[in-house]
Amino acid sequence: MAPGVMDYDLNQYPYPSQRRLLLGRNGAVATSQPLATLAGMEMFLAGGNAVDAAIASAIALTVVEPTSNGIGGQRAPRAGEIWGSLIHGSTLREIAATGGESFYRGKLAEAIALFAAKTAGKLTQSDLACHQSLWVEPIVTTYNGLEVWEIPPNGQGIAALMALNILESVNLASYPRDSVESFHFQIEAMKLAFADASNRYRFT
């Protein structure tokens, strides 16, 4: 088999689950909520790229699964209440109408900073106004002949790559899946990687 080609039995499901493996030629979207996944797919079908689809899915998750990707807002609904997150909706509309500008230098930024000040927070309007997104070069390592890419620090992806480098010296395939030994090696590799990455790059 050529290097980098995964030798997996695609019909084998080692864990009990209703999920099934799907393969596509033009792309795929996966989230923890079907409606958010659909939002990403609809973005693809409308001519968007992978970044557009990721953003669409992430925005949808703030509505359909706010516990995972929420932007904050109203209290949870009471039992039996017919509920709509009106403030949440208006916030998303404001972000869309201003191309995100309001979140950093508009009325949303003002509201965020005001709430932070009232609740002993440290975030200020100046912090938001000074925010600058950066396009960065991804970092890569190899594991068992496969390339694994991550975003560089200050994100935590570097720790995953370091852990894979550590595990490269361990033949995990020689241990049963989910065995104590297999878990032990993986956990210890991640502990070492996070400790080293934290010392080097000071992320939390």
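Strand β1 (residues 139-143) and strand β2 (residues 146-150) run antiparallel and are joined by 5 bridges. This is a predicted model, so please read the notes below as a tour of a prediction.

- Across the strand pair, T142 stands opposite E147 in β2.
- Another facing pair is T141 with V148 in β2.
- The hairpin has 2 residues between its strands, and N144 is found in that loop between β1 and β2.
- What is the backbone of N144 doing there? Its phi is near 50°, a positive value in a residue other than glycine.
- For context, most residues other than glycine have a negative phi.
- Is N144 buried or exposed? N144 has a relative accessible area of 55%, and because the cut-off for exposed is over 50%, N144 counts as exposed.

**Helices α1 and α2**

- Helix α1 (residues 34-45) and helix α2 (residues 50-64) have axes that come within 7 Å and cross at roughly 150°.
- Angles over 145 degrees count as roughly antiparallel, so α1 is roughly antiparallel to α2.
- The crossing of α1 past α2 is right-handed.
- From the α1 side, the contact is made by L35, A36, A39, G40, M43 and F44.
- Facing them from α2 are A50, D52, A53, A56, S57, A60, L61 and V64.
- By residue type, this contact of α1 with α2 divides into 11 nonpolar, 2 polar and 1 charged.

**Helices α8 and α9**

- The axes of helix α8 (residues 157-167) and helix α9 (residues 180-201) come within 8 Å, with a crossing angle of roughly 130°.
- How do α8 and α9 lie relative to each other? They are oblique.
- Here too there is a right-handed crossing, as α8 passes α9.
- On the α8 side, I158, A159, M162, A163, I166 and L167 take part in the contact.
- Their partners in α9 are F185, Q186, A189, M190, L192, A193, F194, D196, A197 and Y201.
- Sorted by type, the residues of the α8 contact with α9 come to 14 nonpolar, 1 polar and 1 charged.

- I187 is a residue of helix α9.
- With a relative accessible area of 47%, I187 is partly exposed.
- I187 and A163 are 24 residues apart in sequence, while their C-alpha atoms are 9.1 Å apart in space.
- D178 lies in the loop between α8 and α9.
- The phi of D178 is near 65°, which is a positive value in a residue other than glycine.
- D178 counts as partly exposed, at 36% relative accessibility.

- E94 lies in helix α4 (residues 86-97).
- Why does E94 count as buried? Its relative accessibility is 18%, and buried means under 20%.
- Which residues does E94 touch, leaving aside its neighbours within four places in sequence? E94 is in contact with S102, K107 and L108.
- L128 sits in helix α7 (residues 125-129).
- A relative accessible area of 8% makes L128 buried.
- Apart from neighbours within four places in sequence, L128 is in contact with F103, Y104, R105, A109, I112 and L123.

Conventions
Residues numbered from 1 in each chain as written. Predicted model: local features only at pLDDT ≥ 70, side-chain atom pairs only at ≥ 80, totals over all residues. Heavy atoms only, no water. Axes fitted to C-alpha atoms, helices over the stretch in contact; angles between N-to-C directions. Helix = DSSP H or I, 4+ residues; strand = E, 2+ residues; numbered from the N terminus. Parallel < 35°, antiparallel > 145°, perpendicular 65-115°, else oblique. Left-handed = near helix turned anticlockwise from the far one by under 90°. Contact = heavy atoms within 4.5 Å. Nonpolar A, V, L, I, M, F, W, Y, C, P; charged D, E, K, R; others polar. Buried < 20%, exposed > 50% of the residue type's maximum accessible area, 1.4 Å probe, protein only. Pairing = 2+ DSSP bridges.
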